[in-house]
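Please look through the sequence and the model shown here before reading on.

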Amino acid sequence: TNGAVQLKKPASPIKNIQIRANISEKNIVVNQASLGIGKGTIHASGAIHDYLGAQEYRFDIDAQNFQIQDFIAQDTSGVKTTGLASVNMKLNGRGLTTQALKCDVSGEAALSIAQTKLIDQTSQPFMNLEISQLGFLLRDFSLAKPFSFALEAAVASAKKNVKVNGIAQLN
């Protein structure tokens, strides 16, 4: 289906930025990087090889315990969202231009969302959906072509478990 989520600037300031990196004439190696936003933390490591030429990169990113409502604009629709999100990604690619980042990124990603509530204030009666756990997994994806995904959710308010496997492509 055709859907969209409008993101916003984080409600909490970015804090505790730390980076340990080695930079040479050809390569940038990030041994460890971290920052905090609200109660959440992001840890990353990786490298850009031949950053003035081929720009081949690889990064591991681990983001834990982010408040969903800090990142999804709540005032653009009648749906309110709360919950905790964590993401683990392994990304690699070649080229740092906007076009290259749209086409040449590949890797793996896992998204976990817990204690989530979706409240639709536009429907009558109001919809109140509680999701105790949601997992979204991408294995060996590439943004340049269609990729498969798996989604599993425990919908507490409906006392149901949902599993979806599919194929998606980003435009």
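Which pattern does the protein chain follow when it is read along the sequence? The pattern is β-β-β-β-β-α-β-β-β-β, and the chain holds one helix and nine strands, where helices (H or I, at least four residues) and strands (E, at least two) are DSSP runs numbered from the N terminus. The model is predicted, so local features need pLDDT of at least 70 and side-chain atom pairs count only at pLDDT 80 or more, while totals for chains, interfaces and linings use all residues. Residues are numbered from 1 along each chain as its sequence is written, and side-chain values use heavy atoms, with hydrogens and water left out.

**The chain as a whole**

- Of the 171 residues in the protein chain, 25% are buried, a word that stands for under 20% relative accessible area, whereas exposed stands for over 50% and partly exposed for what lies in between (1.4 Å probe, protein chains only).
- The protein chain exposes about 11,300 Å², and carbon and sulfur atoms supply 55% of this area, which comes from the Shrake-Rupley method with a 1.4 Å probe; for residues, only the protein chains shown count as cover.
- Among contacts (heavy atoms within 4.5 Å) between residues at least 6 apart in sequence, 43% join residues at least 24 apart.

**The interior**

- The largest nonpolar core has 10 residues, among them Ile48, Tyr57, Leu138, Phe141, Phe147 and Phe149; such a core is a set of buried Ala, Val, Leu, Ile, Met, Phe, Trp, Tyr and Cys residues joined through side-chain atoms within 4.5 Å.
- Strands E7 and E8 each supply at least two residues of this core.
- A second, separate core of seven residues includes Ala85, Ile113, Leu134 and Val155.
- When its neighbours within four places in sequence are left aside, Ile48 is in contact with several residues, including Lys26, Ile28, Tyr57, Phe59 and Leu96.

**A proline between two strands**

- Pro146 lies in the loop between strand E7 (127-142) and strand E8 (147-155), and Pro146 counts as partly exposed because its relative accessible area is 47%.
- Although Pro146 and Gln169 are 23 residues apart along the chain, their C-alpha atoms are separated by 4.4 Å.
- Apart from its neighbours within four places in sequence, Pro146 is in contact with Ile167, Ala168 and Gln169.

- Ile17 lies in strand E1 (residues 14-23), and Ile17 counts as exposed because its relative accessibility is 58%.
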